[in-house]
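Hi there,

Here is the structure I promised to pass on to you. Have a look at it first, and then read on for what turned up.

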Amino acid sequence: MSKKFFVTTPIYYINDLPHIGHAYATFAADILIRYHKLLGEKTLLLTGSDENSQKTLDAAKKRGVTVEDYSSGMVANWQSTWGKLQIADGEFKFVRTTNIDHAKFVQDFFQKIYDNGYIEEGVYEGLYCVGHEAFIKESDLDESGVCPDHKTKPQLLKEKNYFFKLKDFSKQLLELYSKNPDFILPTERRNEVVSFVRSGLENISISREGSSWGIKVPFDQNQVIYVWFDALLSYYSTTSKEFWPADVHIIGKDILRFHAVIWPAMLLAAGFENYLPKKIFAHGFFTITGTKISKSLGNAIDPIKVSEEFGLDTLRYFLFKELPFGHDGDFSLERLREIYNSDLANGLGNLVSRVAKLAESLDLTGVRENKTPLFDSTFRIHLDKLEFHQALEYIWKKIKDADKKLESTKPWELVKTDKEAAAAIVENLILQVIEIQELLLPFIPDTAEKIRLQFSKSKIKSTKPLFPRK
Ligand code: ME8
C-alpha cells in the first residue's frame, strides 16, 4: 500500500473574495501535494469554507441577500479561484461547514467530549470579537477600546455557555510538544505556544446562546456550537479516515493557538489521540507597503489578476522566493517584476535557452528517461520541513553552477576545434537542466513541464524564451 499524504489549508471565511494571502497558504499546500504525489504517495489537499460565522450573516445582510444565496455564490467564487490557480491540478477536496455530514460529525464529536466529561455548563461574561470569532480580553484591546486588528468594538456578552475543560489537557499538550519537536513549526512559534500553555490555560466557552446561525448543540437547542470548534472539525468531518491524521496543517500565525492548543486538546478529549496532526506550520503575513491586507482598506490583491499579468508560475515562485516561509514581509508588484527579470528571465530562462540552442546546433538528442532518483536528500529535507525558500535557493544555486560551467567551458568556441568535446559538455549540461527541471516540478509545474518536453524530444530545438524580459 502506498504511503498517504494529507495536507490542509485554513478553512477560509467567506465574507470576502480570496486575496493573495489566502493564495499563499493554498499554494504552499499545493507545493507539498505535488511533491508527495511525485514520490508516489496517495495525496489529499483539503480546503474549504468556514460558513457558520457571524461574518457570513453580516456580509449577506450588507448585500441584502439571503445567507444561503450569499454563501453559495461566494463558495462558487472561492472554488473557481482554486481551479483557476490550478490548485492540486484541480484534485482537491473543498469542505463547506454548512454541509450536513459535517454538522452531524460536529454534533457527534461534541456529544462524545461531553460524555467523556470534558464539557461543563457555565456563564460566560466578557468580550467577544466577531472579526476574530474569538472570546477576547480587555488587555487585547488598544487604548481606545477597539480590537487592534479589526478596528471594531467587541461585543459585551453575558450568557449561558458550555465550556470545554481545556485546562485538563495542559500536561498532555506539553508532553506532546516536547516529544515531537517538529509538531509546531517554525521553532519560534513552537516556543510561543509552549510558554503560552506553561503560563496556564483557562477553560473555554464552546457555544453561543440564542444564535440561529450555526450547528446546534445536540442536547440544547438554545445553543449553537462555537464556530471555531465547528471549523477545526472540518479537517476530518468529510475526509476519508484512510487519510487521518493530517500530515500538515498549513495555517497563518494568526490562528496558531486554535490549531496548536485547542485542536489537539479536542482530539484528546474525544479519545482521538491516534489522529493528532503530525505537523502544524504557521506561516507569516504579507503586507502591502507595510499595511495589513484587507478589503476594507482597498488594498487586497487578486491572485488571479497577478497571475494573468505575470503568469501563474511567476506568482508561485515570487511568493516563496520573496519570504522564507514563516516570516512576514511586503508584497509589491515592483519586487515581483524585479525577481521575474533576475531569477526567471535572466536566471532559469536564459540557461534553458542557451543550452537548448547549443544542443540544437550540435544536433543532440533529448533525455527520454532520467535514471537518477527523483529529488536528492537535501531537497527532500527542505520540503519535509516546509523550507520552501531554502529549496528554491538550492535550485537556483544549481542554475548558477550550470551558468558558470557554460561560461568557463565555452562550448560555442570549443566546437570550432573539438566538436566531440563540446558535445560532451553540452550533454552534461542537458542532464543538469533535467535535474533542475525535476526539482522545479512542485514549485513551477507548467514551466517544468515545458522544459521537460523541450529536452525529451528526439532532436532538441530552441524555442521562444520561457520568461521574456519585462
Ligand atoms: O481564520 N498574508 O479564516 P480566514 C498571508 N476561518 N496569509 C494570509 C493573509 C496575509 N495577509 N491574510 C490571510 C480563518 N491569510 C478561519 C480558519 S481553520 C479551521 C479556520 C491566510 O479567512 C493565513 O493562512 O481569516 C490565515 O491564517 C488565513 O488566511 C485566515 O483565513
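How many salt bridges does the rule find across the interface of domain 1 and domain 2? The count there is zero. Please keep in mind as you read that this is a predicted model.

Let me start with the layout. To the contact, domain 1 contributes 13 residues and domain 2 contributes 14 residues.

Between them, domain 1 and domain 2 bury about 1,300 Å². Carbon and sulfur atoms account for 73% of that area. On the domain 1 side, the residues that lose the most area to domain 2 are Ile31, Tyr35 and Leu38, which together make up 46% of what that side buries.

Two elements of domain 1 each supply at least two residues of the side that touches domain 2: helix H1 (20–38) and strand E12 (248–252). H1 gives the most, with six residues. By type, the residues on that side of domain 1 are 10 nonpolar, one polar and two charged.

**Salt bridges elsewhere**

The structure as a whole holds 23 salt bridges.

Lys160 pairs with Glu121, with 3.6 Å between the closest N and O atoms. Of the two partners, Lys160 is partly exposed at a relative accessible area of 27%, whereas Glu121 is exposed at 53%.

Arg335 forms a salt bridge with Glu322, and here the closest N and O atoms are 2.9 Å apart. Arg335 belongs to helix H12 (residues 333–361) and Glu322 to helix H11 (residues 312–322), so this pair ties together parts that are 13 residues apart in sequence. Is Glu322 buried or exposed? Glu322 is buried, with a relative accessible area of 17%, while Arg335 is partly exposed at 32%.

**Backbone points to check**

Most residues other than glycine have a negative phi, and most peptide bonds are trans.

Which residues does a cis peptide bond with omega of about -10 degrees join? They are Leu185 and Pro186. Pro186 lies in the loop between strand E7 (184–185) and helix H6 (187–198). The peptide bond from Trp244 to Pro245 is cis as well, with omega near -5 degrees. Pro245 is in the loop between helix H8 (234–237) and E12, and E12 is one of the elements of domain 1 that supply residues to the side touching domain 2.

As for phi, Thr289 has a positive value near 35 degrees, although Thr289 is a residue other than glycine. You will find Thr289 in the loop between strand E14 (286–288) and strand E15 (291–292), where Thr289 counts as exposed at 68% relative accessibility.

Lys410 also has a positive phi, about 40 degrees, and is not a glycine. Lys410 lies in the loop between helix H14 (388–409) and helix H15 (411–414). At 32% relative accessibility, Lys410 counts as partly exposed.

Happy browsing, and do write back with your thoughts.

Best wishes

Note on methods. Residues numbered from 1 in each chain as written. Predicted model: local features only at pLDDT ≥ 70, side-chain atom pairs only at ≥ 80, totals over all residues. Heavy atoms only, no water. Contact = heavy atoms within 4.5 Å. Buried area = accessible area lost by both parts, 1.4 Å probe. Salt bridge = Lys/Arg side-chain N within 4 Å of Asp/Glu carboxyl O. Helix = DSSP H or I, 4+ residues; strand = E, 2+ residues; numbered from the N terminus. Nonpolar A, V, L, I, M, F, W, Y, C, P; charged D, E, K, R; others polar. Buried < 20%, exposed > 50% of the residue type's maximum accessible area, 1.4 Å probe, protein only.
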